[in-house]
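Trainee: Could we go through the charged pairs in this model together, and then turn to the strands?

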Amino acid sequence: MRYFSVDEANRLVPLLSRTFEHIRPWVERVQQLVETLGTPEGKALANHEALREERDALLEKVRVELRQFHEMGLEIKGAQGLVDFRAHRGEEPVYLCWRIGEPAVSHWHGMYDGFSGRRPIDSPDEFAPTYLS
């Protein structure tokens, strides 16, 4: 399992921002397709199967783009641009938290608190550096 310092997480923000901006149209289209296909009218469309195939193909494109981050040890919490980085705050395992639009990783939360439990990072020194720092 990979743990990140605040500095390491921040080095990934430009790549994360570019990637989520790149996939945004695909994610929006998938959301439209899911809404359409979930209605009785959508299920009755003559091109229902083609729309399902389009949805599945776009989802695969999104997965391929985001796979690199999973392989780096990041946890993608939403294809709309919400990412957690495992970290240590003292002895406590926590998540550093970033979402698209934020210029840097500036929040953290407990392992089970989720986004609603986000707290500002007062000092990056509170989070243990890793061997890559």
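Trainee: Which residue forms a salt bridge with Asp 113?
Mentor: In this predicted model, the partner of Asp 113 is Arg 119, and their closest N and O atoms lie 3.2 Å apart. Asp 113 is partly exposed, at 36% relative accessibility, and Arg 119 is likewise partly exposed, with a relative accessible area of 36%.

Trainee: Which residues are joined into one network?
Mentor: Glu 60, Arg 63 and Arg 67 are, through salt bridges that share partners.

Trainee: And how many salt bridges does the whole structure have?
Mentor: The search finds 14, including one between the side chains of Arg 99 and Glu 102, at 3.6 Å from N to O.

Trainee: Is Glu 102 buried or exposed?
Mentor: Glu 102 counts as buried because its relative accessibility is 14%, under the 20% cut-off, whereas Arg 99, with a relative accessible area of 38%, is partly exposed.

Trainee: Where do Arg 11 and Asp 7 lie?
Mentor: Both lie in helix α1, residues 6–11, where they are four residues apart, about one turn of the helix, and their side chains meet in a salt bridge of 2.4 Å, N to O.

Trainee: On to the strands, then: in what sense do β2 and β3 pair?
Mentor: Strand β2 (residues 82–89) pairs with strand β3 (residues 92–99) in the antiparallel sense, over eight bridges. Two residues separate the strands in this hairpin, where Gly 90 takes a positive phi near 65 degrees.

Trainee: What is the bridge partner of Arg 86 in β3?
Mentor: That partner is Tyr 95, and Tyr 95 also stands opposite His 109 in β4. Strand β4, residues 107–110, runs antiparallel to β3, and four bridges join the two.

Terms used. Residues numbered from 1 in each chain as written. Predicted model: local features only at pLDDT ≥ 70, side-chain atom pairs only at ≥ 80, totals over all residues. Heavy atoms only, no water. Pairing = 2+ DSSP bridges. Salt bridge = Lys/Arg side-chain N within 4 Å of Asp/Glu carboxyl O. Buried < 20%, exposed > 50% of the residue type's maximum accessible area, 1.4 Å probe, protein only.
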